[in-house]
Amino acid sequence: MPLYEFQCKKCDRVFEDLVSSSTKTADCPKCPGKGKRILSACCSNVAGGGSSASSSSSKSGGGGGGCGGCHGGNCSGCH
């Protein structure tokens, strides 16, 4: 199942949930409201070179996850 971002209609909290691709709403984890699926910015370009997280992690030895600014496994700037 894919991971989608939702924004609660009641408290405006943004949260993620693993749901089927046909699911348009999800229960908010903080209040009794429903969240509406929103467009995620996870596939955007990273400033300062336009590298994606996957190409950056392969350059730094495949440390996995992280931002496009991580070089040599040093993620102190983004965490």
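In this predicted model, confidence is lowest in helix H1 (residues 53–59), at a mean pLDDT of 44, and highest in strand S3 (residues 25–27), at 95. Here pLDDT is the predictor's confidence in each residue, from 0 to 100. Helices (H or I, at least four residues) and strands (E, at least two) are DSSP runs, numbered from the N terminus. Over residues 51–64 the pLDDT is below 50, and beyond near neighbours in sequence this stretch has 14 contacts in the model. A contact means heavy atoms within 4.5 Å. Where pLDDT is low, the predicted coordinates should not be read in detail. For the protein, the mean pLDDT is 72, and 52% of the residues reach 70 or more.

Residues are numbered from 1 along each chain as its sequence is written. Because this is a predicted model, local features need pLDDT of at least 70 and side-chain atom pairs count only at pLDDT 80 or more, while totals for chains, interfaces and linings use all residues; side-chain values use heavy atoms, with hydrogens and water left out.

**Overall make-up**

The secondary structure comes to 1 helix and 4 strands. Read from the N terminus, the elements run β-β-β-β-α. Of the 79 residues in the protein, 16% are buried, where buried means under 20% relative accessible area, exposed over 50%, and partly exposed in between (1.4 Å probe, protein chains only). The accessible surface comes to about 5500 Å², and 52% of this belongs to carbon and sulfur atoms. Such areas come from the Shrake-Rupley method with a 1.4 Å probe; for residues, only the protein chains shown count as cover. Among the contacts with a separation of 6 or more, 22% are between residues 24 or more positions apart.

**The sheet**

The 4 strands form an open sheet in the order S2-S1-S4-S3, with antiparallel pairing. S2 and S3 stand at the edges with a single partner strand each, so one side of each is left without a neighbour in the sheet. From one strand to the next, the twist averages 45°. Axes are lines fitted to C-alpha atoms, for helices over the stretch in contact, and angles run from 0 to 180 degrees between N-to-C directions. Two strands pair if DSSP finds at least two bridges between them. The table gives the pairs.

| Strand pair | Sense | Bridges |
|---|---|---|
| S1 and S2 | antiparallel | 5 bridges |
| S1 and S4 | antiparallel | 4 bridges |
| S3 and S4 | antiparallel | 3 bridges |

Individual residues show how the strands line up. Gln7 stands opposite Val14 in S2, and the bridge partner of Gln7 in S4 is Lys36. Lys36 also stands opposite Thr25.

**The hairpins**

S3 is joined to S4 by a hairpin through 6 residues. S1 and S2 also form a hairpin, with 5 residues between them. Asp12 lies in the loop between strand S1 (3–8) and strand S2 (14–18). Although Asp12 is not a glycine, this residue has a positive phi of about 65°. Asp12 is exposed, with a relative accessible area of 52%.

**Core and surface**

The largest nonpolar core has 7 residues in all: Phe6, Cys8, Phe15, Val19, Ala26, Cys28 and Cys31. A nonpolar core is a set of buried Ala, Val, Leu, Ile, Met, Phe, Trp, Tyr and Cys residues joined through side-chain atoms within 4.5 Å.

Glu16 is found in strand S2. At 52% relative accessibility, Glu16 counts as exposed. Leaving aside neighbours within four places in sequence, Glu16 is in contact with Leu3, Tyr4 and Glu5. The C-alpha atoms of Glu16 and Pro29 are separated by 9.6 Å, and the two residues are 13 residues apart along the chain.
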